[in-house]
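Colleague: Could you take me through this structure, piece by piece? I have not worked with it before.

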Amino acid sequence: MYYVWVALFGVLGALCRYLTGVWIVSPGFPLATLIINIVGCFLLAIVMKYLAELPYISKTIITALGTGFVGSFTTFSTFSLESIQLIEKHWYGTAALYIGASLIGGLLSSRFGFYVSEQWLNRRRNRHAH
């Protein structure tokens, strides 16, 4: 049953990625992939820092969300391909912007996800302490 959950969430993540790519069209700059990966960094931090701490969410669901949904939603391979395509077109500034925004945006988004998770966990602890 474990693999079924991962596969099911994987399908949902891939579908969300596809629909985001259809919805966000930006010729000349891979904005959809940038947004997908930055949002994915935030979501994975929430899953691993917040949801994993909740006793009523099983490890199976945590893995299904993290590996299945976020893993199929985000895309390092498309990021790499699009970066090389920008470089091959001699769009060096755009490539540098994309690579830099992906790296810095991803790290900041993950850190923000950890911060939000810590805030939510602290609220839960304070609520249960009273």
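**A first walk through the model**

Modeller: Phe 112 is found in helix 5, where helices are DSSP runs of H or I with at least four residues, strands are runs of E with at least two, and numbering starts from the N terminus. This is a predicted model, in which local features need pLDDT of at least 70 and side-chain atom pairs count only at pLDDT 80 or more, while totals for chains, interfaces and linings use all residues. Residues are numbered from 1 along each chain as its sequence is written, and side-chain values use heavy atoms, with hydrogens and water left out.

Colleague: What about Ser 109, buried or exposed?

Modeller: Ser 109 lies in helix 5, which covers residues 92–129, and it counts as buried because its relative accessibility is 9%. Setting aside residues up to four places away in sequence, Ser 109 touches Ile 38, Cys 41 and Phe 42; contact here means heavy atoms within 4.5 Å.

Colleague: Changing topic, how many salt bridges does a search of the whole structure find?

Modeller: The search finds 1 salt bridge, defined as a side-chain nitrogen of Lys or Arg within 4 Å of a carboxyl oxygen of Asp or Glu. The side chains of Glu 118 and Arg 111 meet in a salt bridge, at 3.9 Å from N to O.

Colleague: Why can such side chains pair?

Modeller: Side chains of opposite charge can pair when their charged atoms come close.

Colleague: Which residues does UniProt list for "binding site"?

Modeller: The unreviewed UniProt entry lists Gly 71 and Thr 74; such annotations may be inferred rather than shown by experiment, and their positions follow the numbering used here, with feature names shortened. Gly 71 is in helix 3 and is partly exposed, at 42% relative accessibility.

Colleague: And where is Thr 74 found?

Modeller: Thr 74 is in the loop between helix 3 and helix 4 (76–88), and is partly exposed at 22%. Apart from neighbours within four places in sequence, Thr 74 is in contact with Arg 17, Ile 36, Asn 37 and Gly 40.

Colleague: What span should helix 3 have?

Modeller: Helix 3 has 15 residues (59–73), so at 1.5 Å a residue it should span 21 Å; its end C-alpha atoms are 20 Å apart, which agrees. The expected span is 1.5 Å times one less than the number of residues. Buried residues of helix 3 include Ile 62, Leu 65 and Phe 69, and their cover includes helix 1 and helix 2 (31–50).

Colleague: Which residues does UniProt list for "transmembrane region"?

Modeller: The unreviewed entry gives residues 31–48, 60–79 and 91–117. Residues 60–79 are 90% helix and 0% strand, with end C-alpha atoms 28 Å apart. For residues 91–117 the figures are 96% helix, 0% strand and 38 Å.

Key:
Buried means under 20% relative accessible area, exposed over 50%, partly exposed in between (1.4 Å probe, protein chains only).
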